[in-house]
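Q: I am new to this structure and would like to learn how to read its features one at a time. Could you take me through them slowly?

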Amino acid sequence: MNRWSWLAVGVALLGSLAVAWSLMRREVQEPSHIVEPATLSPAATAGKVAYEANCAGCHGQIGAGTDRGPPLVHVIYHPGHHANGAFYVAVKSGVRQHHWRFGNMPPQPQVSDPQLQTIIRYIREVQQANGITAERHGG
């Protein structure tokens, strides 16, 4: 490769790193900036109860995040980047730190499969109410 090709690769790499950095640096929103839908589906209503009992201690009320865990109502967790299965694996098996600096998330064995399904539904409905919808991966 000639020097211009290397320069183009370097610029592309720096651009990609800048985008990744900006996504990671988006501030945790205060709960007052996140809206909960006026009405939730029956599954999401059950999910809200299960979320508050099992997830809110780290991920905050209505998914706003805390100093112990990241916000779930955030563009990083849109369905095109973190499908529902990613939430399932995180809860059942734990997940290594990768987007945020809160440390690894341990498994949550107290959350049953039916509870987890409703929790995911709740998170998705709150995300949608806040304009977070599926994007192409990488978008």
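A: What follows goes through aromatic pairs, a pocket and a backbone angle in turn. The model is predicted, so local features need pLDDT of at least 70 and side-chain atom pairs count only at pLDDT 80 or more, while totals for chains, interfaces and linings use all residues. Residues are numbered from 1 along each chain as its sequence is written, and side-chain values use heavy atoms, with hydrogens and water left out.

Q: How many aromatic pairs does a search of the whole structure find?
A: A pair of aromatic rings is described by the distance of the centres and the angle of the planes. Rings of Phe, Tyr and Trp (its six-membered ring) pair if their centres lie within 6.5 Å, and planes under 30 degrees apart count as stacked, over 60 as edge-to-face and the rest as tilted. Searching the whole structure gives three such pairs. One of them joins Tyr51 and Tyr122, whose ring centres are 5.6 Å apart with planes at 50°, so this pair is tilted. Because Tyr51 lies in helix H2 (residues 42-54) and Tyr122 in helix H5 (residues 113-129), the pair ties together parts that are 71 residues apart in sequence. Helices here are DSSP runs (H or I, at least four residues), numbered from the N terminus.

Q: Is Tyr51 buried or exposed?
A: Buried means under 20% relative accessible area, exposed over 50%, and partly exposed in between (1.4 Å probe, protein chains only). Tyr51 is buried at 0% relative accessibility, and Tyr122 is buried as well, with 2%. Another pair is formed by Trp100 and Phe102, with ring centres 6.4 Å apart and planes at 50°, so it is tilted. Here Trp100 is buried at 11%, whereas Phe102 is partly exposed at 30%.

Q: Which residues are the closest to the centre of the largest pocket?
A: On a 1 Å grid over the protein atoms alone, a pocket is an open set of points where a 1.4 Å probe fits, with protein on both sides within 12 Å along at least five of seven lines, and lining residues have an atom within 4 Å of a point. Of the 32 residues lining the largest pocket, His59, Pro70, Ala90, Val95 and Met105 are the closest to its centre. Helix H4 gives the most to this lining, with five residues.

Q: What is the phi of Ile62?
A: Ile62 has a positive phi of about 45°, although it is not a glycine. Ile62 sits in the loop between H3 and H4, and this residue is buried, with a relative accessible area of 15%.

Note on methods. Helices (H or I, at least four residues) and strands (E, at least two) are DSSP runs, numbered from the N terminus.
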